[in-house]
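Hello,

Here is the structure I promised to pass on to you. Please open it first, and then read my notes on it below.

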Amino acid sequence: MRVRSARRRQRPAASREVLATLVAAQFAAVGVPAAASAAAAPGHDCAVVKCVALTFDDGPTQYTPAILRSLEAHHAVATFFVIGPHALLRPAVVRREQRDGDAIGDHTVTHPHLTAVSSARILSELDGAARDIASVTGHRPTLLRPPFGAYNLRVSTVARHAGLAVVMWSLDPRDWKRITPLVIEQRVINRVRPGDIVDLHDRYARTPRALLPILTDLAGRGYTFVTVPQLFTGSGGTQPGVVYHHGPRV
């Protein structure tokens with residue numbers, strides 16, 4: 001079951017300084033700026049046109065190629081939040097996402113509730129996945145999707161020092177439940193609004209079957225499919241440690 005963790009009381013300044021030092025030191029060791037930001041990607045101005053950002057968690061899996069075929073058929077892009085070891089198991093799929101212009105984000109190594117583990121473990125999960133992804137794509141990710149949507153101030157603080165924006169969602173059709181592709185499709189097309197970030201998964205066979213009619217319907221209604229960075233092009237891109245639930249509402 002997906003849960004959003006309540007924000008915890010702010011950590012004492014001394015603890016935050018220790019955490020910042022720990023994170024900065026580890027990322028400096030691999031030559032990554034501690035506060036690198038995601039540059040605004042070229043694309044449509046989503047403050048003017050109707051944009052929607054489709055996102056997919058937990059891949060790549062055996063179902064990801066079917067999702068990519070549907071996206072390619074509609075000349076659409078999406079954002080894939082990748083589990084580090086999965087990227088190593090299916091590097092060709094991740095490179096295909098990259099070639100298609102999709103954004104690739106960090107979804108940790110072992111998919112834990114980040115709010116329930118230590119700061120050192122959070123850092124290990126984020127950095128481990130980033131290393132795995134970079135070994136395939138040549139680039140460290142700048143976006144984080146916390147597993148289960150579980151984040152708090154401590155998680156966003158580690159993410160900030162790791163150069164990762166925290167990307168949540170505004171539309172969740174709950175494809176992770178045992179529902180039919182038709183239900184997934186209807187929940188998206190009936191509830192979507194301009195600027196939405198839609199939370200889907202490429203680990204279930206039902207989701208690819210729902211995707212093609214979703215793309216067809218939304219395209220027919222004038223929606224433009226963008227990556228998460230493109231969603232925020234007009235506002236200068238995403239910023240590390242900032243939590244994003246949706247883009248501009250037209």
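**Confidence and overall make-up**

Over residues 1–16 the pLDDT stays under 50, and the model has 36 contacts beyond four places in sequence for this stretch. Here pLDDT is the predictor's confidence in each residue, from 0 to 100, and a contact means heavy atoms within 4.5 Å. Residues 27–41 also stay under 50, with 32 contacts beyond four places in sequence. For the protein chain, the average pLDDT is 88, and 83% of the residues score at least 70.

A word on the ground rules. This is a predicted model, in which local features need pLDDT of at least 70 and side-chain atom pairs count only at pLDDT 80 or more, while totals for chains, interfaces and linings use all residues. Residues are numbered from 1 along each chain as its sequence is written, and side-chain values use heavy atoms, with hydrogens and water left out.

The protein chain has nine helices and eight strands; helices (H or I, at least four residues) and strands (E, at least two) are DSSP runs, numbered from the N terminus. Of its 250 residues, 54% are buried. Buried means under 20% relative accessible area, exposed over 50%, and partly exposed in between (1.4 Å probe, protein chains only). Among contacts with a separation of 6 or more, 79% are between residues 24 or more positions apart.

**The largest pocket**

The largest pocket has a volume of about 320 Å³. A pocket, on a 1 Å grid over the protein atoms alone, is an open set of points where a 1.4 Å probe fits, with protein on both sides within 12 Å along at least five of seven lines; lining residues have an atom within 4 Å of a point. Points are joined across faces, edges and corners, and the volume is the space filled by probe spheres set on them.

Sixteen residues would be a lot to list, but of the 16 in the lining, Asp102, Ala103, Ile104, His139 and Thr142 lie nearest the pocket's centre. The elements giving two or more residues to this lining are β3, α5 and α9 (228–231). The lining divides into seven nonpolar, seven polar and two charged residues. In that count, Ala, Val, Leu, Ile, Met, Phe, Trp, Tyr, Cys and Pro are nonpolar, Asp, Glu, Lys and Arg are charged, and the others, Gly among them, are polar.

**Individual residues to look at**

Threonine 108 sits in the loop between β3 (103–106) and α5 (119–137), and is buried, with a relative accessible area of 0%. Leaving aside residues up to four places away in sequence, threonine 108 touches Val82, Ile83, Gly84, Leu114, Glu125, Leu126, Ala129 and Pro147.

Isoleucine 197, in strand β6 (residues 196–201), is likewise buried at 0%. Tryptophan 169 is 28 residues away from isoleucine 197 in sequence, yet their C-alpha atoms are 4.8 Å apart in space.

Some backbone details are also worth a look. Aspartate 58, in strand β1, has a positive phi near 85° without being a glycine, and is buried at 4% relative accessibility. The peptide bond from glycine 59 to proline 60 is cis, with omega near -5°; proline 60 belongs to the loop between β1 (51–59) and α2 (64–73). Phenylalanine 148 has a positive phi too, of about 65°. Phenylalanine 148 lies in the loop between β4 (143–144) and α6 (153–161) and is partly exposed, at 22% relative accessibility.

Best wishes
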